Amino acid sequence: MPVNWKWLFAFGAAALLAHSPQPASPPRAQLPYPVVYTRLSTTAVAKTSGALLRSDSGDTAKLVLRTPDGAERVLTAGFHSAADPAVSFDGKRILFAGKRTALDHWGVFEMNADGSNARQLTKDPGNCRNPVYLSKIFYLDDPAPVFQIVFVCTSDRLNEYGGGLAEDLYTVRLDGSGLRRLTYNASSSTDPTTLPDGRILFSSWQRAHVDRGATGRIELMGMNVDGTDLAAFSGRQGGRIQHMAAVTTGRLVVFVEADKSLWDGAGTLASLSLRRNLKSYKSLTTAAQGLFHSPSPLPDGAVLVSRRTAGSMHRVYRFEPATGRLELVLEAPGAHAIQARAVAPWAVPDGRSSVVDEKTDWAKLYCLNVYDSDLGLKTFAPGLVKRIRVLEGLSRQSNERLKQETLSPLLQRRFLGEVDIEDDGSFHIEIPANIPVQIQALDRDGMALRTTPWIWAKNKEQRGCIGCHEDGERTPENVMAKALTHPAAKLTLAPERRRTIDFEQDVAPVLTKCAACHDGAAPKLTGGRAAYNALFKYTTPGKARTSPLVWHIFGRNTSRPWDAPARKGAPAIKPIAPKRDAKLTDEDKRTIIEWIDLGAHYRGLPAAGGSK
């Protein structure tokens, strides 16, 4: 189900397509079942700053029902705005997001397929969008399995990029009770849809890695309907932005992808097979065929999808993934026609059970062998990893003033702790539940070798992984990991005891040892903004191992084979003279490494008792 991302601000992209060749007009298709779609006028788009159906926009959009004979009727005439339709498994009800008045927040509603008996399911202060029906789930404190829906809701915190409010996925029962938050990404989680096995497929914005660019990637992820067992679904396959996924009756995931952000979130179409999702990427359309938006399945294995060409509105088409055949289904003169859904019965996905217990505040993570990696043993050989570092992401609240001294492009991080790995490469840790977490594999010098994307674990969840960036479609060896033979290491310090590291409090004191040996540089190396600026340009925030400052301290290039080549213009490595090197202790060096690995921030958020 589609939701536009608040960081998609390239409003001039449509004009660039004006010079693209116009494809031939496709034939028309006659569908044997009704279709509900969102009709959005160009006037409404202009009033929302050109953003098409962002989580807080889409004003005056209407849901329209089109019958097989071509007749149309507005289903949400009593609403100021309505969008994001989803059809129930029996084809008799429709979920949607709506606003009864212009001043309302977006809420999730359910109505009969004929538009009657609309009732609100959510009563949250944020904007709730993109609802999807889920199968049954059984929690241990429930008398029987129940049906749920999943939806997107804005939060009171900023995403990593700082350009808007982050969004999370929530579930609620069909009677409006049992609200639960599922995702704890440091940025946004959106566009949920249901997989045949009952899991949720969604889009996850990941900006944790500096090698993913300034705005990171939007990747497809999968998880259970209770938020447990988070796993990559698309991985690094395909374009930088992947969203609006739909699952066909032929067990194919069709989604919209792009490398650049367009004003409406449109892009080309691509697919993954449910049989081998991490190894089955296929591009389905090209830019010359137009730009696509909000695919949804049809009973015959094809998909409904909106498409626009240069200078045109979005129209709804029938698209065959196997052949690429396009057939026009409907259009809305003077308006965009998007988010089309067939009003027909669907197979109910598998039910699920859950061990999540919200009365507990911990979760456990284990790894069988960090050396079971897609990097290969030649570059990730046994013995290379000595410890793991676990970090908590500190999201900024929406009312927090961004300080100019916070210049690092990465989110603030805070230590949960470090543990040694076992000699078989395994580890077993207990962490706080429901917070964004990163795990870093450390070498003998304490430098991060690899860093995970943002993950989380639910209350009382016990989740395992095979290795470090391993092939998720392989089966691990049937051995007992040594770390699982004893209790998990507890990394559950209270928040006020979790430390950060920053330039002012931790790195500046180390520089006083450097100033005496750098003739003429003492004013720049005694702390303050000048010193920070002088050193920051020699760092790669989040990657101490690729930072020239670290190369100078250690007298060697500490990059690894999987890193990009050294950047142009990097200074030649000049080791510190032996007599002067003694001035920096191992703790001093570790401080600089930790400072860079955690983001190279000027001013952090130290624990109440100090950052040491």
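**Figure 1. Pairing of strands β26 and β29 in the predicted model.** In this predicted model, strand β26 (residues 362–367) runs antiparallel to strand β29 (residues 427–432), and six bridges join the two. Within this pairing, A363 stands opposite I431 of β29. Both strands belong to an open sheet of four strands, ordered β32-β26-β29-β33, in which the pairing is mixed. The edges of the sheet are taken by β32 (462–465) and β33 (489–490); each has a single partner strand, so one side of each is left without a neighbour in the sheet. In general, the strands of a sheet pair through backbone hydrogen bonds, in either a parallel or an antiparallel manner.

Figure 2. E461 is placed in the loop that lies between β31 (448–451) and β32. Its relative accessibility is 6%, which is why E461 counts as buried; the cut-off for this class is under 20%. Leaving aside neighbours within four places in sequence, E461 is in contact with T228, D229, W362, A363 and K364. A polar atom of the E461 side chain lies 2.8 Å from the backbone nitrogen of D229. The C-alpha atoms of E461 and D357 are 8.4 Å apart in space, while the two residues are 104 residues apart in sequence.

**Figure 3. Charged side chains over aromatic rings.** Two such arrangements are shown, one involving W362 and the other Y139. The charged end of K364 sits over the ring of W362, at 5.3 Å from the ring centre. W362 and K364 are also among the residues in contact with E461. In the other arrangement, the ring of Y139 has the charged end of R180 over it, 3.6 Å from the centre of the ring.

**Figure 4. The antiparallel sheet β4-β5-β6-β7.** Four strands form this open sheet in the order β4-β5-β6-β7, with antiparallel pairing. Strands β4 and β7 (119–120) stand at the edges; because each has a single partner strand, one side of each is left without a neighbour in the sheet. Strands β6 and β7 run antiparallel and are joined by two bridges. Here E110 stands opposite R119 of β7.

**Figure 5. The aromatic pair F79 and F109.** The model contains 14 aromatic pairs under the rule of ring centres within 6.5 Å. In the pair formed by F79 and F109, the ring centres are 5.0 Å apart and the planes meet at 85 degrees, so the pair is edge-to-face. F79 lies in the loop between β3 (72–74) and β4 (81–87), whereas F109 lies in strand β6 (residues 107–112); the pair therefore ties together parts that are 30 residues apart in sequence. Both F79 and F109 are buried.

Figure 6. Helix α7 (residues 586–597) has twelve residues, and at 1.5 Å a residue it should span 16 Å; the C-alpha atoms at its ends are 16 Å apart, which agrees. The helix is mostly covered, with nine of its twelve residues buried. These buried residues are D588, K589, T591, I592, I593, E594, W595, I596 and D597. One of them, W595, belongs to a cluster in which ring pairs link F503, Y532, F536, W595 and Y602. Just after α7, G599 adopts a positive phi of about 125 degrees.

Note on methods. Residues are numbered from 1 along each chain as its sequence is written. This is a predicted model: local features need pLDDT of at least 70, side-chain atom pairs count only at pLDDT 80 or more; totals for chains, interfaces and linings use all residues. Side-chain values use heavy atoms; hydrogens and water are left out. Two strands pair if DSSP finds at least two bridges between them. The expected span of a helix is 1.5 Å times one less than its number of residues. Buried means under 20% relative accessible area, exposed over 50%, partly exposed in between (1.4 Å probe, protein chains only). Rings of Phe, Tyr and Trp (its six-membered ring) pair if their centres lie within 6.5 Å; planes under 30 degrees apart count as stacked, over 60 as edge-to-face and the rest as tilted. A charge sits over a ring if NZ of Lys or CZ of Arg is within 6 Å of the ring centre and within 35 degrees of the ring normal. Contact means heavy atoms within 4.5 Å. A polar contact is a pair of N or O atoms within 3.5 Å; within protein, one must be able to donate a hydrogen and the other to accept it, and residues adjacent in sequence count only if both atoms are side-chain atoms.
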